[in-house]
Amino acid sequence: MSSLQGGANPGFARGRRLRSTPAMRRWTAQTRVSPADLVLPVFVKEGISAPQPISSMPGVVQHTRDSLRQAAHEAAEAGISGLMLFGIPAEKDAVGSQADAADGIVNVALQDLRADLGDELVLMADLCLCEYTDHGHCGVVTPAGVVDNDPTLDRYAAVAIAQAQAGAHVIAPSGMMDGQVAAIRAGLDSRAFTETPILAYAAKYASGFYGPFREAAEGAPQFGDRSTYQMDPPNTAEALREVRQDLAEGADAVMVKPAGPYLDIVAAVAGAVDVPVAAYQVSGEYAMVEAAAANGWIDRERAVLETLTAIRRAGAGSVLTYWAVEAARWLR
Ligand code: PBG
């Protein structure tokens, strides 16, 4: 039998034959990334008069209500599928009251965007309390400083209803409380939002890659960390269990987060479920490429597109990425 270098044998398929031109490579590509695969996370902050840059995420800002409207128009223009909204209130308190206040920043921003864009983009509302609580945890805490699961569920249900009322098309709980999907589903259904889907951040790891986001959303925990509710990085089986649990509770779609360092989890989840799977390319993944590119150590556009392709190749149907609009323009 001819060896692997045995180019003389005309019976062997040879890898290079199908890589010879850009057109040939385009024809044989097994994974494509298109604007519709992308969702842009956005931050809107109360009480600022101009967009505020986020130093650890060059190119990303905290928006004013108006600059967010502009950014949303550009996102629609670029052809991406949706936005994931995060609000940063002027006043924080122990229970995160501004998350479900009708005039809370995220809820007025949802109203703005729904009025401007109707159903043109899928408006997703991140549902968590960490941007709204003075202690920075994702739920309410006991006097001993422990995040209290069940009282937090009541808060989540109230926030989901407020976000749906404000015009969110999708509710996306990211707090990793047990039972959060069931509680939110029940809350939405009780107010006739039976048609509002839930995208569950089902497999969300306690990750060091969220660092820059905590500057962006001003939601760093003031004590302790999130390791008692977010997942432990070494674990795989737990991700599948969390996903199954969220689906059993009524999730319509699931998310894995972070994305790049967790491609094995993306692949395992995509292989295990028959609902849409999203992956969140988080702030630290963004910051790493931006920092390397700023130093001239990496080809920025090429690296960005490679990360997005890899996440799609692992099996994610959609990718939440801070590069969504820029990448969509490259991909058109
Ligand atoms: C809130 C939330 C976080 C992110 C999305 N939703 C931060 C966290 O859990 O600490 C991180 C997103 C990013 O890093 O880009 N629960």
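## Salt bridges and overall build

The chain holds 11 salt bridges, each being a side-chain nitrogen of Lys or Arg within 4 Å of a carboxyl oxygen of Asp or Glu. Welcome to a predicted model, in which local features need pLDDT of at least 70, side-chain atom pairs count only at pLDDT 80 or more, and totals for chains, interfaces and linings use all residues. Residues are numbered from 1 along each chain as its sequence is written, and side-chain values use heavy atoms, leaving out hydrogens and water.

**Overall build**
- The secondary structure comes to 11 helices and 10 strands, which are DSSP runs numbered from the N terminus (helices: H or I, at least four residues; strands: E, at least two).
- Buried residues make up 51% of the 332 residues, where buried means under 20% relative accessible area, exposed over 50% and partly exposed in between (1.4 Å probe, protein chains only).
- Along its principal axes, the C-alpha trace spans about 75 × 40 × 40 Å.

**Arg 300 and its partners**
- Arg 300 and Glu 290 meet in a salt bridge, at 2.9 Å from N to O.
- Glu 290 is buried at 9% relative accessible area, while Glu 326 is partly exposed at 31%.

**Other salt bridges**
- Arg 114 pairs with Asp 119, their closest N and O atoms being 3.0 Å apart.
- Asp 66, Arg 69 and Asp 116 are linked in a network of salt bridges.
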